[in-house]
Amino acid sequence: MTTVEEPRTVTEAPSVTTWTRLEPRTRRADLAPAVDARIADPLWLLARQWQLGEFTGEDAGSPVTARVHAEVARFTRYRPGPYAGAVGLPAGVPWEALVEREPAATAGDLRHAVESGQQLLRLLAAAGAGELAGRVCAAYPVPATPPDGASAADPETVGYLRIAAGRVPHGDLALRACAEGRFAREVAVPAALATAVDRAVADWYAWLGVPARPAGPRPGYLLQLPAVLAPGATRPAAPPWPPADFTPLYSTPGLEGPAWLRERLEHEAAVAAHDGRAELVLTAHEYDGNRLDWYHFDHEPGTTLEARPAVQDVVKVLLPTPVAYAGMPSTRFWELEDARVNLAGIGAGAGDLARMFVLEYGLVYANDHFLLPLELPVGSATRVRSLLVTDTFGTQTLVPAAPEGVALFRPAGATGGGAADVLVLPATAAATLDSAPVEEVRLGRDETANLAWAIERTVTGATGRPIDRTAQVGRAAVPPRPPADPDADVPALSYAFATTVPENWVPLLPGPTQDRPDVVRLRRVPLQQPNRDGAPVAVTGHSRLLDWRERDGHLVELAFPEEEVPRAGSRLLRRWQLARWADGSVHLWLGRTRHGGAGEVSSGLRYDTVQPR
C-alpha cells in the first residue's frame, strides 16, 4: 500500500514525492506460523488461489501427439586397438565381452583343462567306452607339478595337480587331437568301440559349445586349386575343426586380437555403422574396463572400417507424457507433495555448481519437459530427421534440433571437432557378475627411493586360483656371512650398498625413449636378488598383467609412459565376468580393469647404509 501527497498549485514550488511501504512484522521469534500455509474455509481457499494466480490460464497449448522420423543405422564393423584390422561385429554378444576379453594364451589355466577332461571321461563311460579312460589319461596327461614358482609354493595348487595327474586327461590337448583327427590313433580305439567313441566326442563337442562347421568352401581354397588339379595330386585334407583359436566355456578374441594396450594399461576399440550416405566411426579411447557406455566413444571423421549400409527408417506417432520423478515439486501451492524426497533439504556449498544446477532444474523447470517413449534397437546409431508436435489447439510445430553447444548424448569429436548428431545405443550388458580378482597389481611412486613400483599383490596360479603373493613371499634377505674368527679384529658395524625389498615388488626404472629423448618411460625390470657368491640373481615376477614372457631367451620389454603411473597410483585387476544377453545366452570372459590407487608407496629401499654386524 502506498500513499502519494497531493500536488500543489503550479505557481508554488514543486515538492518531493514520498512513498510509504507497509511491511508485516511478527512479534514472535518463531516464523513457523507464517510458512504453515493454513487454510480457513473453502471460500477463503478459493480467494487465496485466485490471489496466487492458480486460476490464470496461459495462452499456450499442451502437446497431444508427436510424430518422430528417425534413421537407425546398425553397427556392423569392429576393430580392437588402433592398428588391428577391422572384422565383422558379431551379433548377440555384449560389447564389454568383445573389448575386455583376454586371449586363450593368458586366460587359460589347468582347471578348465581338468574339468573338460572329466566331462570327456563321463561321456565315454555313458557311451560304453569307459575302459578307454586309462589310455586317454596316458595320451593327454595333466602335469603333476606346477610350471611356475608361485604355484609351486601354493599348497592348494600342488595338491590339486597331484590328485588330477594320472586320473584325468588334459581336456585342451584331447580337443586338439579330436579336431586334427589324431584321437582314435593316439588312444588306440578298438574297432568295436569306434562308434561309441564318436558318439561320446560329439556329445562332448555339444557340451563345450563347439559351433557347427560352416558350409561352403573353406578360406583360401582357390590357392589350392593348382595343387589339386596337378596330375597325381591328392585332395587336401579338411582343416581342423574346431579351429585352433576356439576356446571352450569362455569367450576369447579371434584372429583380430585383444583390445588391451599393454603399455597404456587400457583398452581401445572402434565400431562403425553406415547410414547409406556416410560412414560413422566411433572409437573408445582410454577405456579402463569399468562398464562400457556411449560416453566412452569419440567421433572419428575421416576414418573408415569399411562398414556396409545397414539402415532402417523409423516413423512413430507417440503420446507425450509429462516428466515425473519422486519428490517432484507441485505447481499448485496447496497441493500435498511426496514427502519421501525433500529436495529443499539438500545442501550445496559455494563450489557445488553441478548440484545447484540439478536442484534448480528439479525445483523450477521440472514441469517444462515431456517424455516420448521411442524404442530403438541396441547396437545402433539413431539420427532424428524430424519431430512434429501437435498441441491441444491443433497447432503443429516442427521442433528444431538443439544447438551443438547444448546438445546432450552426442559423441564428441576425437580431435576437438564437432559432435556427431546421432544417439548411440551400445550393445552393453545391463549388469555383470564379477568374481573376486584373480590377479591384482598396484602401481605407485616411491619418492624416497626415486623409483616407481609394480607390486604383485595377487597372481593367477596354474589352476586359475588367485595366490596372495604378499603373504607368500617375505622380504628378500642377504645370505648370512660365514662366522668370523673369534680372535680376529672384526668391526662392529658393516656397510651395505642397499637394503632389500620383497620379491613381489617389481621396479619400474625411468629412462628416456629411444626415438624421443625428452619422453620418459618406466621400464619393467626384474628385481635383483643379492648373492654372496657372485652377481645378483634376477627374480622375475608371475603377474600376467606385467607380461613376463620370454622371447629368444630374453624378457619381452615392457615400458609404461610416465603419466600412466600418477602420484595417486593405480590398481590393475583381472577377474572373471559373467553376463546374460537379451536372447538368454550366457557370456563368460576374463577381463582387465583399472582403478584409482591409494597414494604413494614406500618400499623401504635405502642406499649406502651402515648397520650392526
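**Nonpolar cores, a helix pair and a buried valine**

The largest nonpolar core of the predicted model holds 28 residues, and Phe75, Tyr78 and Trp95 touch the most other members. A nonpolar core is a set of buried Ala, Val, Leu, Ile, Met, Phe, Trp, Tyr and Cys residues joined through side-chain atoms within 4.5 Å. Buried means under 20% relative accessible area, exposed over 50%, and partly exposed in between (1.4 Å probe, protein chains only). At least two residues of this core come from each of β1 (63–80), α3 (95–100), β4 (266–274) and β5 (279–287). Apart from this core lies another, of 27 residues, including Leu175, Cys178, Phe183 and Leu208.

Local features of this predicted model need pLDDT of at least 70, side-chain atom pairs count only at pLDDT 80 or more, and totals for chains, interfaces and linings use all residues. Residues are numbered from 1 along each chain as its sequence is written, and side-chain values use heavy atoms, with hydrogens and water left out.

Beyond four places away in sequence, its contacts (heavy atoms within 4.5 Å) include Leu89, Trp95, Val271, Leu282 and Val424. Gly379, Ser380 and Ala381 are also among them.

The protein has 14 helices and 27 strands. Helices (H or I, at least four residues) and strands (E, at least two) are DSSP runs, numbered from the N terminus. Of the 613 residues, 37% count as buried. Among contacts with a separation of 6 or more, 70% join residues 24 or more positions apart.

Two packed helices are described by the angle between their axes and the distance between the axes. Helix α9 (residues 171–179) packs on helix α11 (residues 194–208) at about 120°, with the axes 12 Å apart. Therefore α9 is oblique to α11. Angles under 35 degrees count as roughly parallel, over 145 as roughly antiparallel, 65 to 115 as roughly perpendicular and the rest as oblique. Axes are lines fitted to C-alpha atoms, for helices over the stretch in contact, and angles run from 0 to 180 degrees between N-to-C directions. Gly171, Ala174, Leu175, Cys178 and Ala179 of α9 meet Val201, Trp204, Tyr205 and Leu208 of α11.

Valine 556 sits in the loop between β23 (554–555) and β24 (559–561). Valine 556 is buried, because its relative accessible area is 11%. Not counting residues up to four places away in sequence, valine 556 touches Arg262, Arg524, Asp547, Arg549, Glu550 and Arg551. The C-alpha atoms of valine 556 and arginine 524 are 9.7 Å apart, across 32 residues of chain.
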